[in-house]
Amino acid sequence: MKNQEEPAKNDEVKNDPPPFLKSWKQLYAIVIGELVVLIVLFYWITIYFS
Amino acid sequence: MTLLDWFVLGGTLLFIVVYGTWKTKGSKDIQSYLLGNKEAQWFTVALSIMATQASAITFLSAPGQAFSDGMRFIQFYFGLPLAMVFLSVTLVPIYHKLNIYTAYEYLEKRFDYRIRVLTALLFLISRGLAAGFTIFAPSLILSSLLGWDIYFTNLIIGFLVIIYTVSGGTKAVSQTQKYQMGVIVVGMFIAGVMVVSLLPNQVTFGDALNIAGKMGRLNVVDLEFDPTTKYNIWTGIIGGFFLALSYFGTDQSQVQRYLSGSSVGQSRLGLLFNGMMKIPMQFAILFIGAMLYVFYFFFQPPVFFNQVLLEDAKQTGQVVQLEKLDKDYSKAFFDRKEKAFKVVAALHKDDDESVDQAIEDLKTSDQNLNDIREQTISSIKEASPEADTNDTNYVFLNFVLDYLPPGLIGLLIAVILSASMSSTSSELNALASTTLIDIYKRYYKTEGSDRHYLNVSKLMTVVWGIYAIIFAMFANRLGTLIEGVNILGSLVYGTILGVFLVAFFVKNVNGTMILFAAVFSEIVILYCWQFTEIPFLWYNVIGCLLVLIPSYLYSIAIGTKQKS
């Protein structure tokens, strides 16, 4: 029975680059950026129409 | 329903089932059956993830929630994109590297077999019950509104799903989900356009937005930090993040979807696409509910949307009271309609003062209407004390049946059934995989042929399918349906997530320690559920921290001991 008692390491996995941008970090930034934009937009909707 | 509706409904469902079965028939080995040979591209992964999460309950409950409570439910999803990024960075590469079939296999590699079994069992129990819910929820509503037999509806949904899931496994699930998502998007888009276009000519889209906003239905974001409020930006981001992390990271019905990606990149893209699309999609569904709220200012809504229950109550001694309330309701509605037109006139004049005055009048009139509705609900409750008087889930389908033209009704019913089938198929697929890989193959037959395991996994799919149908037959009410499923998940997700996070990030923790922490966490969560008023979204945070913190302290203690 394996009991490694160590967290997994993911640095051995070869990362293929994203098809759209130069790095995954850029793609993550876009996802988080979109969330921020949506929250700001929704907040504006809440205030403007109330 | 007209003949055209039946043709659209039957044609859509049959095409998806037959095409999905034919296109993916003949899985020859277990890798192909459970992971689709790991050939899926990101778009297929993304649609499969979205279709798995978006059950029929989403489309029935969400518009009703916006109708009665506004759009603040959207905040529940604010943590989801963050969770998608977190999973893409951490879990996805690890799962791919280990080349596993289920998420729980990893826990044995990291801790020991007990943790694998505990988390697999927690998944089987919670997801097994949820699978019954996913069939039961739309059946209940469709049978009530259309007069269909609920047992027959359960059987039809359940057996159609079993046919193609057993036949083609994961590939069939993903293939059918692509078309089911197509039907869902087209159907909901048309429904949204119809709600707005059916408004009276003098009421513009801008007027509808203004009325919805001023009447509290465009309350999308609430910035106030109040841990007792169910939906605000903080519970959404923090609680929603933990819930999404648990659901997408540790629930096999989702993990299996992105494990079928052809590479780490394809799985990541699938998750990230979901992270970008989920909130706009949910916003659109809730927005339909907000527009329905405005629509019913100009067209008389039923006093109670579950009309079967209302008619049943009229067969009792409450009939006189209910008929009187019906008449009062009609009068009150026409008064409110008049006030709503006054708001529109004031909006067109662009005079803030008269708009404010007209809105105040409309609110008074709306309150009057709601009082009559509340009295009606009390009468129904008196007529049948056991009845579920929450009619939120009936609002959207009432509109579909009363106001949409023939053909579109069939399409919208197909949307509901497609959503139910897409979630159920993923769940059956995942339940069968976990039972086979984490229980059967691990304990009962460790050395079997590929053919044997393939046959057993098909058998497991049938068994779980029948279990879900039986549960659906006996399912009872549990608050609003969408909340019921989320509450069920939240009771175990936090603990499972805590176990996974310890596995990934905390050193020196062994199986016994994590087992104690997990059992302790579950006891506390069940206590919170039964004896406290803590909103269920926080269970995910509490459960996770109750595993994470003791494990971390233990790790520090062991580390210090080893050094000394």
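**Getting to know two chains**

Trainee: What share of the contacts in chain B with a separation of 6 or more comes from residues 24 or more positions apart?

Mentor: Two residues are in contact if their C-beta atoms, placed from the backbone, lie within 7 Å. This is a predicted model, in which local features need pLDDT of at least 70 and side-chain atom pairs count only at pLDDT 80 or more, while totals for chains, interfaces and linings use all residues. Residues are numbered from 1 along each chain as its sequence is written, and chains are lettered from A and ligands numbered from 1 in the order in which they are written. Residues 24 or more positions apart account for a share of 86%.

Trainee: How many helices does chain B have?

Mentor: Helices (H or I, at least four residues) and strands (E, at least two) are DSSP runs, numbered from the N terminus. Chain B has 0 strands, and its helices number 22.

Trainee: What does the globule rule give for the 564 residues of chain B?

Mentor: The radius of gyration is taken over C-alpha atoms, and the globule rule is 2.2 Å times the number of residues to the power 0.38. Chain B has a radius of gyration of 25 Å, so it is as compact as a globular protein of that length, being close to the rule's 24 Å.

Trainee: Which helix of chain B gives the largest share of the side of domain 1 that touches domain 2?

Mentor: Domain bounds come from an automatic or database domain assignment, with domain 1 of chain B at 3-290 + 405-473 and domain 2 at 307-390. Between them, 8 residues of domain 1 of chain B are in contact with 7 residues of domain 2 of chain B. On the domain 1 side, the largest share is 4 residues, from helix α10 (residues 205-214) of chain B.

Trainee: How many residues of chain A and chain B does the contact take?

Mentor: Nonpolar means Ala, Val, Leu, Ile, Met, Phe, Trp, Tyr, Cys and Pro; charged means Asp, Glu, Lys and Arg; the others, Gly among them, are polar. The contact takes 29 residues from chain A and 44 residues from chain B. Sorted by class, the chain A side has 17 nonpolar, 6 polar and 6 charged residues. So much for the classes; the counts asked for are 29 from chain A and 44 from chain B.

Trainee: Are α1(A) and α5(B) roughly parallel or antiparallel to each other?

Mentor: Axes are lines fitted to C-alpha atoms, for helices over the stretch in contact, and angles run from 0 to 180 degrees between N-to-C directions. Helix α1 (residues 24-49) of chain A and helix α5 (residues 80-89) of chain B pack at about 170°, with their axes 9 Å apart. Angles under 35 degrees count as roughly parallel, over 145 as roughly antiparallel, 65 to 115 as roughly perpendicular and the rest as oblique. The two helices, α1(A) and α5(B), are therefore roughly antiparallel.

Trainee: Is B:N99 buried or exposed?

Mentor: B:N99 sits in the loop between α6 (91-98) and α7 (103-110) of chain B, and has a positive phi of about 50° although it is not a glycine. A residue is buried if 20 or more other C-beta atoms, placed from the backbone, lie within 10 Å of its own, exposed if 12 or fewer, and partly exposed in between. With 11 other C-beta atoms within 10 Å, B:N99 is exposed.
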